[in-house]
Amino acid sequence: MPHRQRHHRAVGAAVAATAALLVAGLSGSASAGTAPADSAPTAAETLRTDAAPPALLDAMQRDLGLDRRQAEHRLVNEAEAGATAGRLRAALGGDFAGAWVRGAESATLTVATTDAGDVAAIEARGAEAKVVRHSLADLDAAKARLDKAATGLNTADAPVWYVDTRTNTVVVEAIRPAAARSLLAAAGVDRSLARVESRAERPRTFYDLRGGEAYYINNSGRCSVGFPVTKGTQQGFATAGHCGRAGASTTGANRVAQGTFQGSIFPGRDMAWVATNSSWTATPYVLGAGGQNVQVTGSTAATVGASVCRSGSTTGWHCGTIRQLNTSVTYPEGTISPVTRTTVCAEPGDSGGSYISGSQAQGVTSGGSGDCRSGGETFFQPINALLQNYGLTLKTTGGDGGEEPGEPGGTWAAGTVYQPGDTVTYGGATYRCLQGHQAYAGWEPPNVPALWQRV
């Protein structure tokens, strides 16, 4: 049987098996070919959108122009959209060309494909279909060639490049168009895959040597705590790599001795973690507006177009949306990749601070341009890559990520960072990961169909 024919039959079978479960708008939590148990939680329940505190909802209303009902609905829709996009990515295979949400309440999910034969399967899931020329794999490969070429070039005048799924291109933003053309030529990227856009400002890191609050590095520079973490019994926090080098000491906002940088990468990536002393305790919270605690219940990565909020020691709470996921950015110190690009503003001293979507940790502030008075953009280092690189466990209210799963066991393990497409066994069955996340007890594959699909 030809490959394309087999593919269409497989997708059609998946749709037929779940057609009875579909409702208006985005579909629920059925995995392809397998109806969930009545007790299986929805994606919104899995990601605890109900845990969003008033401070986060208030910031979403202020920065995204929403009312309270719209903010709450947006978080639910974004959770369901991520799960639906994950299932379609698995079903479409090499045809998949990306997904994004739009609308005040993120009520519309669009899934792109390179094959018009996939449209029915996409629409059956309650999403809009867009047929495009290039697959996400092709765009990612082109962007990887740009990353490789950039190591031998000065990209200060072409400081940002990323995969833009909404336009089905790899975009290079340049202060001088000639610099973008040079990068594309050096990478051997076909111009049919690429688009050059102009920008007026060079991104910078938000590192502040003037001092202030949050935490201080070697009693001089100031940055912001990202997310509390553990490594075995050791407690600490994740932050940006440009904030300090391994061995640098930190003190808290109260100037009390706090800890030591255990690892730091910058440039290349922008990640670090600090091990704290016994005077400091890791909590599953991010500091919100007015000193309120914002719960962190996991680290499921949000999709393009989703809302995201940032906490920083200079400007506090600000919200926006995710513009692109696979982005490279050049600062004066060098190029960072991959980071996530957002419409959230930040200023010096906010570096290292927390990005959160609903109750799901997303990353730590790297840098950007503009400010919170005139508006700007920011880039964050994704948290899951940081956790994986250093073997850290995010502190959450949802469970102890360091626990090993009990019976029936398998290769799935709490504390492991999983990416879309990863497969595990649990209870004698095989499951495929639908959305990137760090696993913890309670998120075993059969319990969270928003994150895992039985195969």
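Which handedness does the disulfide of C345 and C372 have, given the torsion about the S-S bond? The torsion is about 100°, so this disulfide is right-handed.

The model is predicted: local features need pLDDT of at least 70, side-chain atom pairs count only at pLDDT 80 or more, and totals for chains, interfaces and linings use all residues. Residues are numbered from 1 along each chain as its sequence is written, and side-chain values use heavy atoms, with hydrogens and water left out.

## Disulfides

A disulfide here is a pair of cysteine sulfur atoms within 2.5 Å. Searching the whole structure gives three of them. When the bonded cysteines of the chain are numbered in sequence order, they pair as 1-2, 3-4, 5-6.

| Pair | S to S distance | Torsion about S-S | Handedness |
|---|---|---|---|
| C223 and C243 | 2.0 Å | about -90° | left-handed |
| C309 and C319 | 2.0 Å | 100° | right-handed |
| C345 and C372 | 2.1 Å | about 100° | right-handed |

The placement of each pair is given in terms of helices (H or I, at least four residues) and strands (E, at least two), which are DSSP runs numbered from the N terminus. Burial uses relative accessible area: buried is under 20%, exposed is over 50%, and partly exposed is in between, with a 1.4 Å probe and protein chains only.

The sulfur atoms of C223 and C243 are joined at 2.0 Å. C223 belongs to strand β9 (residues 221-223), while C243 sits in the loop between β11 (234-239) and β12 (249-251), so this link ties together parts that are 20 residues apart in sequence. Both C223 and C243 are buried.

C309 and C319 form a disulfide with their sulfur atoms 2.0 Å apart. C309 is in strand β17 (residues 307-312) and C319 in strand β18 (residues 316-331), so the parts tied together are 10 residues apart in sequence. C309 counts as buried because its relative accessibility is 2%. C319 also counts as buried, at 6% relative accessibility.

For C345 and C372 the S to S distance is 2.1 Å. C345 lies in the loop between β19 (334-342) and β20 (354-357), and C372 in the loop between β21 (360-371) and β22 (375-382), so the pair connects parts that are 27 residues apart in sequence. C345 has 9% relative accessibility and therefore counts as buried, whereas C372, at 22%, counts as partly exposed.

Another cysteine, C433, has a relative accessible area of 2% and is therefore buried.

## Backbone features

Most residues other than glycine have a negative phi, and most peptide bonds are trans. The following residues depart from that pattern.

F266 and P267 are joined by a cis peptide bond, with omega about -5°. P267 is located in the loop between β13 (257-265) and β14 (271-276). A cis peptide bond also joins S337 and P338, where omega is about -5°. P338 is part of strand β19.

R48 is not a glycine, yet its phi is positive, at about 50°. This residue is in the loop between α2 (43-46) and α3 (54-64). With a relative accessible area of 33%, R48 is partly exposed.

N219, likewise a residue other than glycine, has a positive phi near 60°. The position of N219 is in the loop between β8 (215-217) and β9. At 55% relative accessibility, N219 counts as exposed.
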